[in-house]
Amino acid sequence: MSASAQKKVRLACRDLAAGAAFGAMAISGALPTWAVALFAGGLMLALLNWRAFGERTLFAVFGLALGALLLYSAAAADKLDLVVAACTFAALMTFSRIHATSSPTTDAQVHLCSLLMIAGGAALSAEMMFAAFLAAFALLTAVSLGLQTIQSRGSTEAEAVKAAARQLLFGAAFAIVGCAVFFAVFPRLSWNLASRRGNRFQGALMGFADPVRPRGDGRIKSNPRLVARIAISPDPGVKSLNSYWVGRAFSQFDGREWSSPDETARIAPRLTIRRAEHLLHQDVELLPAYGSPALIAIERPAMFGNARAHLESGQTVPTWLRQLGETHVRFVDSGVGYSYQAYSTAPLEGNPEDELLDGEGDPQPYLQLPASLDPRVGALAAEVLGSERDPLRAAHRLEAYLKRAYRYSLELSDAADPVADFLFLRKAGHCEDFATALAVLLRTQGIPSRVTIGFYGGERVGNQYVLRAGDAHSWTQVLVPAHGFVTVDATPEAHRPAQPSVALGWLTPLYDFLDVRWRTWVVDYSFKDQAGLARSIAQPAWAVRLKLPKLNWRRLGIIAVVLTGIAACLLAGVHRRRTPANAASVFLKRIERALRGVGLQFEREDLEHATIRLVRERHPITRELVPVTRRYLEVRFGGRFLREGEAVSLARGLETACSKYRRAYRTRFSIVQLP
Amino acid sequence: MTLGVGVAALNTGNNLLYLVLGLLLSAIVASGILSELSLRGIEVRRLGTDGAFANEPFVFRWAISRQKGWSFALSFSEEGAPLVGEGWINHLSAGSEQVVRGELRAARRGPVTLTGIKVSTSFPFGLFIKGRVIRQRDLLVVYPARIPSSASLPPHARPKPVGEISNPRQGGGNGDLLDLRELSPGDDSRRIHWVKSAGAGKLLRAVREREEGDGFTLRLETDLPSERLDRRCSEIAALADRLLQRGCEVGLEGAAGEVRPGRGPLQQRRILEALAWAGFLPAGK
């Protein structure tokens, strides 16, 4: 590798490290778009070895001063967060340095600015991708600094560069492992005061709108982004919870949209919806993708409290709650995310022993129908129900009919009369269509009902359950006299939870698995966790109860084979490294093979003596053989290793000479034989 | 920077800053380990120099090797000696001995005691330099600084003819054989004592009792203050160099001890060495 190629590699590593550091900040989504575009473009140009500033330092300084002025103005005018402004300025500094002509000073400045950006990234977001960018930064910076160190006074042989790169990568890996150990054991004196948990990069996905319109866009069902994490106590211990998470209920339908009348608000730090025993406790964290101030809880919510709002600045503040409707509870303060505790009672099944705890006494609001309702809707309901008048049985009969006769589809378009469009025209729809249709069909027969929105599902990840954006769901609740509202869901079961795309099907659980551990063991790691870790280490070995999992012999066999293969590869590598003569042996075998081709076999003499003999005999291939033999002896006994490609080149030269000799010999031989 | 990140982490409690701090501290430890690996097992031999003159850089050589592994970004210097400069090598692979050249500089003439060779490396990150001293005692004699000679030459110190035909004096001396000396450039080849040369395996010339008067003995005064003594040594060295280049026999006596007259590069070395030691040894030693 030439000196210029080595320099290019080093600069590429340096610039990519700066790119990784910038990425650590950019994942927060807080940086201005122009800064992201400028840096990304600048990085691409730098990687193509086009440096905009070169030696024009004054130009770069003026640019930086202008950038500082603009950022300060934006921060002073409250248009830009001060931390974000500082991080953006660090990015501008890095940009100016990577576009300057490379020198030891410039390189040091780039690395320093990159480190500042990494620190900025730590202050701006708590995303798991930060760890990936940090690791990439560590590896690339280590290689760049190392190459700079050994090439500071001239170029180095390619073999040495490879050996140095191996050591540098080992060093970087060691630093990453050491970083984890330090992180785990260094005493925490304060708890995560300034970590910004929010990520505005993709913005909020959900948000419970005041009106809910059937026939709306259903693409959210395929979105795997997490919107909530919930720890449930007592732990159900099941993989999929398949529960209804109530967000908000709607009672009024105008033919196109569902809405709720304004109700008197009740504000308190803790709200009790209904009193009950045997409550299910939920510790809920609503993530930025949730995007709504409405609280959710497993059906039926009984109590909310201990709410905290996570602000964009990284602070977490307590917030009060506002109850707007029977099931509609909101946070008073707005934040990018929230955490709170909720309690729920078991859902009603409409059984006689179900205790009426709700205050749903007046059925009138749940019988309202739009004036423009298609008369075919009522006729259809009457036809399906026949003489059935029991609310719950009627609801189940209509539910079964809708499941049987209608298809689930997300490919929808807006319609003037969404109910008629769903029931009589397209006969396909998503959860809001099914829920609306069932509620309207029930109402036409005088059975009170309402539509509820929230989530369906609850997938276990670690010790928690998660809800995805795609778990957003809508269903119907029918008012059963003396029992209250009972859930009836006409949406086919398979289409209630999220439906991620096939490509993301296997990736999403893996990401969630890592993300949960990232949040538990890194972002929220505290002194309490350290104490637990210390206790687990200090616990005597005899006190540890080993719980062996049920053995899966097939899986164990595969793991054993893979591990054996890895061990064999490692041992082979070690063996190769321990036998420096190996290269010489390989080289010798190739030489001998070439010589055998021309009938030269050395059984009683080594290559050196054979070469001397052939020289004496003035054999035609000695011109090519002598340098090859000399090089072999140097490699074998002189400790002068073969350069990359040297063995191949020498052996090819010898083989060419041998084949020429062979052809000439054959020609001569044939001439002799012909007469 | 590490300190700054540490203060920020402690102040804010931001766990990701703790992560960055951990990475920086671990990188420092990793740097120490890799530099130690680079220095471990290095064997150094001091090869020395062909000649070191005060106030001018001279090439100094070390032979280095290691049994296994690689070393990177190594620099070599003489620990504790008043010598400025170092030798540098990008990398050292296992198995072969390599010679490192360094440019050193001594401020003044005289014997310099070399106590140890300092091997250091800034590998891997160039942020810290780790060094190790390999104890090896040795002595480096720094010759007087080279200056242009201002002294006028004696009249008979004229250029000496070379060769048989152009030599008008046929200078072979007469009288009994006094001594045998190695043939120097400019010596008349007719003075070679062939029998003795054949026995010694090198060309020796005969020195007779009575020879032509082209010999000079330079005298270095005693009791000169240090700086003047250095200056005087330089002047004498320059004069000796000019005389020797003209083929004269040059000797030395006085504060620098006694050097019997002689010719050639070896004689020049003897004189330079004697001048280097002047003032550092009791007179007469």
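Is Glu285(A) buried or exposed? Select Glu285(A) and you'll find that it is buried, with a relative accessible area of 15%; buried means under 20%, exposed over 50% and partly exposed in between, using a 1.4 Å probe and protein chains only.

Before moving on, a word on what you have open. This is a predicted model, where local features need pLDDT of at least 70, side-chain atom pairs count only at pLDDT 80 or more, and totals for chains, interfaces and linings use all residues. Residues are numbered from 1 along each chain as its sequence is written, chains are lettered from A and ligands numbered from 1 in the order in which they are written, and side-chain values use heavy atoms, with hydrogens and water left out.

**Stop 1**

The term stands for a side-chain nitrogen of Lys or Arg within 4 Å of a carboxyl oxygen of Asp or Glu. Glu285(A) lies in strand 7 and Arg229(A) in strand 1 (residues 226-233) of chain A, so the pair ties together parts that are 56 residues apart in sequence. Helices (H or I, at least four residues) and strands (E, at least two) are DSSP runs, numbered from the N terminus. Arg229(A) is buried too, at 3% relative accessibility.

Next, go to helix 9 (residues 391-405) of chain A and pick Glu399(A) and Lys403(A), which sit four residues apart, about one turn of the helix. Their side chains form a salt bridge of 2.8 Å, N to O. Glu399(A) is buried at 11% relative accessible area, while Lys403(A) is partly exposed at 23%.

Now try helix 13 (residues 507-523) of chain A, where Arg519(A) and Asp515(A) are also four residues apart, about one helical turn. The closest N and O atoms of this salt bridge are 3.8 Å apart. Arg519(A) is buried at 8% relative accessibility, and Asp515(A) is buried at 6%. For a network, select Arg10(A), Arg14(A), Asp15(A), Arg51(A) and Asp107(A), joined by salt bridges that share partners. Over all chains, the structure holds 31 salt bridges.

**Stop 2: a loop arginine**

Where is Arg274(A)? Look in the loop between strand 6 (270-272) and strand 7 (280-286) of chain A. Arg274(A) is buried, with a relative accessible area of 6%. Show Pro301(A) as well: its backbone oxygen lies 2.4 Å from a polar atom of the Arg274(A) side chain.

**Stop 3: rings**

Rings of Phe, Tyr and Trp (its six-membered ring) pair if their centres lie within 6.5 Å; planes under 30 degrees apart count as stacked, over 60 as edge-to-face and the rest as tilted. There are 24 aromatic pairs over all chains. Take Tyr401(A) and Tyr406(A): their ring centres are 5.9 Å apart and the planes stand at 75 degrees, so the pair is edge-to-face. Both tyrosines are buried. Over in chain B, Trp70(B) and Phe72(B) are stacked, 6.1 Å centre to centre with 5 degrees between the planes, and both are buried.

**Stop 4: all of chain B**

Finally, colour chain B by secondary structure and you'll see five helices and 14 strands. Of its 285 residues, 47% are buried.

Technical notes. A polar contact is a pair of N or O atoms within 3.5 Å; within protein, one must be able to donate a hydrogen and the other to accept it, and residues adjacent in sequence count only if both atoms are side-chain atoms.
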